Amino acid sequence: MINSYINNQLKKNNVNTITGFINVIREECQKIILYSLSKTDFFKYVAFYGGTCLRLFHNLNRYSEDLDFNCLYQDTNIDLNNYVNKCVTDLESFGFKATIKTKPEYDNGDILRRYIVIPISDISHEYFNKNIVNKEQNISIKIEISTEFVCGAKYERKLLASPLFSSVLCVDYPSLFAGKICALLTRNWKSREKGRDFYDYMFYISNEIKVNLDYVKSKLSLSLKKDNIILDMEALKEMLKDRFINTDYELVKKDIMTFVINPLEIDSINQETFLMSLDLLLNTESDS
């Protein structure tokens, strides 16, 4: 049976399609997971960042899939299984039959990763009063921790008010923007584009968020394996200009189609818009 809070959220969002249903259920599960983590010492060691952070705490107008965290200190040792088990227990209290997906390779390198898998066939049937998905249909939420410490970020505490009050340590706004710029410059999906990177970049621009340039330098130094990289705003703009010129914007639109709440926003995704946006790019030390 659908939990009353979850049912109210579905109705509040006027959900009438399976895509909308999946997006809302995933987001509510993300919030429950953050609530669960906030009851532990998890945020003594890591901070929340990425698209879901932007969505939940800064009103990004698109849905997001994953929960991304980075370590606050070098050589942080985290028992991710312990935290994720607590998340599953809390998800079950909201009526979800959650399980954990893990493999040995999920703990290799500088990333810790777990997937929480939530079947939706029964609750979608109850909500829509018909079989709208197959029995094997799941929502999968990735919890990922980057254990490689990167200096230069700043942090802030944010309050998540639902489903229950949760205090979450987040990477601050300018540092989030810096991280997104680094993703734009370094992510390589070959025949694909992660359109959400482009969409989020324009969200920062439209909200006049300045860039934490020190954090950009640190992250690019790690990604490009170059120590003490020299980078000012003009050099950064040139790097972004090259990226925007060499982008297939149809692939960008294709990637974000199911995540954007207002489809009209997709019309503004083109080369001209992104090149012109460079004039609005400022760092946190700018006077204007």
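Visitor: At what angle do the axes of helix H3 and helix H7 cross?

Guide: The axes of helix H3 (residues 51–58) and helix H7 (residues 195–206) come within 11 Å and cross at roughly 40 degrees. Angles under 35 degrees count as roughly parallel and 65 to 115 as roughly perpendicular. That makes H3 oblique to H7. Keep in mind that this is a predicted model.

Visitor: Is the crossing of H3 and H7 left-handed or right-handed?

Guide: H3 crosses H7 in the left-handed sense.

Visitor: Which residues of H3 and H7 meet?

Guide: From H3 come Gly-51, Leu-54 and His-58, and from H7 come Asp-200, Phe-203 and Tyr-204. Sorted by class, this contact of H3 with H7 holds 3 nonpolar, 2 polar and 1 charged residues.

Visitor: How do I read the spacing of contact residues along a helix?

Guide: The general idea is that an α-helix has 3.6 residues a turn, so residues three or four places apart point the same way. In this structure, the H3 residues that meet H7 are Gly-51, Leu-54 and His-58.

Visitor: How many residues of H3 are buried?

Guide: The cut-off for buried is under 20% relative accessible area. In H3, 8 of the 8 residues are buried, so the helix is largely enclosed by the rest of the structure. The buried residues are Gly-51, Thr-52, Cys-53, Leu-54, Arg-55, Leu-56, Phe-57 and His-58. Just after H3, Asn-59 has a positive phi of about 65 degrees.

Visitor: Which residues of H5 are buried?

Guide: Helix H5 spans residues 121–128, and its buried residues are Ser-121, Ile-123, Ser-124, Tyr-127 and Phe-128. Viewed down the axis of H5, these buried residues fall within an arc of 170 degrees, so they line one face of the helix.

Visitor: What comes just after H5?

Guide: Asn-129 comes there, with a positive phi of about 60 degrees. Asn-129 is a residue other than glycine, and it lies in the loop between H5 and strand E5 (138–146). Exposed means over 50% relative accessible area, so Asn-129, at 65% relative accessibility, counts as exposed.

Visitor: Where is Glu-208 found, and is it buried or exposed?

Guide: Glu-208 is found in the loop between H7 and H8. Its relative accessible area is 72%, which means it is exposed. Glu-208 is not a glycine, yet its phi is positive, at about 55 degrees.

Visitor: Let us turn to single residues in loops. Why does Phe-96 count as buried?

Guide: Phe-96 counts as buried because its relative accessibility is 4%. This residue lies in the loop between helix H4 (80–93) and strand E3 (99–101).

Visitor: What does Phe-96 touch?

Guide: Not counting residues up to four places away in sequence, Phe-96 touches Ile-6, Ile-25, Cys-29, Ile-32, Leu-91, Ile-118 and Ile-123. Phe-96 and Ile-25 are 71 residues apart in sequence, with their C-alpha atoms 10.0 Å apart in space.

Visitor: Is Phe-259 buried or exposed?

Guide: Phe-259 has a relative accessible area of 8%, so it is buried. Its place is in the loop between helix H10 (249–256) and helix H11 (271–277). Leaving aside neighbours within four places in sequence, Phe-259 is in contact with Arg-26, Arg-62, Tyr-63, Glu-65 and Arg-196. Phe-259 and Arg-196 are 63 residues apart in sequence and 8.5 Å apart in space, C-alpha to C-alpha.

Visitor: Which residues does a cis peptide bond join?

Guide: Ser-162 and Pro-163 are joined by a cis peptide bond, with omega about 5 degrees. Pro-163 lies in the loop between strand E6 (155–160) and strand E7 (166–171).

Methods
Residues numbered from 1 in each chain as written. Predicted model: local features only at pLDDT ≥ 70, side-chain atom pairs only at ≥ 80, totals over all residues. Heavy atoms only, no water. Axes fitted to C-alpha atoms, helices over the stretch in contact; angles between N-to-C directions. Helix = DSSP H or I, 4+ residues; strand = E, 2+ residues; numbered from the N terminus. Parallel < 35°, antiparallel > 145°, perpendicular 65-115°, else oblique. Left-handed = near helix turned anticlockwise from the far one by under 90°. Contact = heavy atoms within 4.5 Å. Nonpolar A, V, L, I, M, F, W, Y, C, P; charged D, E, K, R; others polar. Buried < 20%, exposed > 50% of the residue type's maximum accessible area, 1.4 Å probe, protein only. Arc of directions from axis to C-beta.
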